[in-house]
Amino acid sequence: MAAPMAATAPQRVAWIDRARGIALCAMIVYHFCFDLSLFGLTPWNVGGAPHWRAFAISIAGSFLFLAGLSLALASTSGVNRDAFLRRLAMVAGAAALVTVGTWAAMPYPVWFGILHAIALFSVLALPFLRAPTWAIVLTAAVILILPQVWQSEVFSSPLLYPIGLDPTPGPTFDYEPIFPWFAPVLLGVAARRVLPLPRSAMATDLLARMGRHSLIIYLLHQPILFGLLIAATRLGLV
C-alpha cells in the first residue's frame, strides 16, 4: 500500500514501484491461500502455521519499509503539507472502509491493520525525517525488541490497542501495532540515506503500474477473491 506522500514528484524511482508491485503479488497469493483455508477448501493452516506466518510478516514488513522509504524520498525538499494531508486522508479513509467491511463480513473485524498502521506511522515518522541516522536505527531496534521482552496488562485498554504491548490482544486477521511494526517504517526512512534512488521516467511494466495503484488493489482484491470463491462454490466448481 502506498504511503502518504510528502510531495508529488514529476519522476519516480522505478524499483520502488516494482518492489511494491512484488509485495502486492505476494499479498494476493497469501490472501488467496488464506481464503481457500477459510472456505474449507484446503487443509492448510494459513493463519497459524509458522511458515505461513513468516510469509505474512515478510509481506507486511515490506509494505511498511517501502512506506517509510517513500515518505523520506518524497520529503527530500521538505514536507508538502497539503499533499501529505490529502494522501493521509485517503489512506485513513481506506483503513476505515477495511474496518467496516471486515466487521460486516468476517468473524473478527480489523481494527488496526496495515492501512491503519501506514496512516499512523506516516505521522509518527515525520520527526525522524531530519533525525540522525543512528537515532533512527536505534529507535527502530528498541521498537522491534521491546515487545519481545516486556508487555503489560496496562496496555489492555481498547484505546491502547495500537501500541501493541498488550500480552493478550484480541483475535483479528490483521494487526500491525506500533510495537514492533513501526520499526520497518523507521528503517525505510534510514535507508533513504544510503540506498541509490535514481529517479527516472515513469515505468510502464505491470509490476510498476501495480505499485503505483497499490491502495486500490489492496481494497479490491479481497472482495474479488471472495466473490470468485463464493461463485465457484455455488456452481460446484470446487
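Is D205 buried, exposed or partly exposed? D205 has a relative accessible area of 27% and is therefore partly exposed. The notes below start from this residue; the model is a predicted one.

1. D205 and R18. These two residues form a salt bridge in which the closest N and O atoms are 2.8 Å apart. R18 sits in helix α1 and D205 in the loop between α6 and α7, so the pair ties together parts that are 187 residues apart in sequence. R18, with a relative accessible area of 33%, is partly exposed.

2. D17 and R12. A salt bridge joins the side chains of D17 and R12, with an N to O distance of 2.8 Å. D17 has a relative accessible area of 2%; because buried means under 20%, D17 is classed as buried. R12 counts as partly exposed, at 29% relative accessibility.

3. D17 and R212. D17 also forms a salt bridge with R212, and here the closest N and O atoms are 3.8 Å apart. The two lie in helix α1 (D17) and helix α7, residues 206–212 (R212), so this pair ties together parts that are 195 residues apart in sequence. Both D17 and R212 are buried.

4. The network. Salt bridges link R12, D17, R20 and R212 in a network. The count of salt bridges comes to four.

5. T172 is placed in the loop between α5 (133–149) and α6 (178–191). Its relative accessible area is 21%, so T172 is partly exposed; the cut-off for buried is under 20%. Leaving aside residues up to four places away in sequence, T172 touches Y108, P109, V110, W111 and Y161. The side chain of T172 reaches the backbone oxygen of P109 at 3.1 Å. P107 is 65 residues from T172 in sequence, while the C-alpha to C-alpha distance is 8.4 Å.

6. The largest pocket. This pocket holds about 1200 Å³ of space. It is lined by 45 residues, and the closest to its centre are H31, V110, F173, D174 and Y218. V110 is also one of the residues that T172 touches.

7. Make-up of the lining. Helices α1 (14–38), α2 (50–74), α3 (81–105), α5, α6 and α8 (214–234) each supply at least two residues of the lining of the largest pocket. By class, this lining has 30 nonpolar, 11 polar and four charged residues.

Key
Residues numbered from 1 in each chain as written. Predicted model: local features only at pLDDT ≥ 70, side-chain atom pairs only at ≥ 80, totals over all residues. Heavy atoms only, no water. Helix = DSSP H or I, 4+ residues; strand = E, 2+ residues; numbered from the N terminus. Buried < 20%, exposed > 50% of the residue type's maximum accessible area, 1.4 Å probe, protein only. Contact = heavy atoms within 4.5 Å. Polar contact = N/O pair within 3.5 Å; in protein donor to acceptor, adjacent residues only side chain to side chain. 1 Å grid on protein atoms, 1.4 Å probe; cavity = no way out; pocket = protein on both sides within 12 Å on 5 of 7 lines; lining within 4 Å. Points joined across faces, edges and corners; volume = space filled by probe spheres on them. Nonpolar A, V, L, I, M, F, W, Y, C, P; charged D, E, K, R; others polar.
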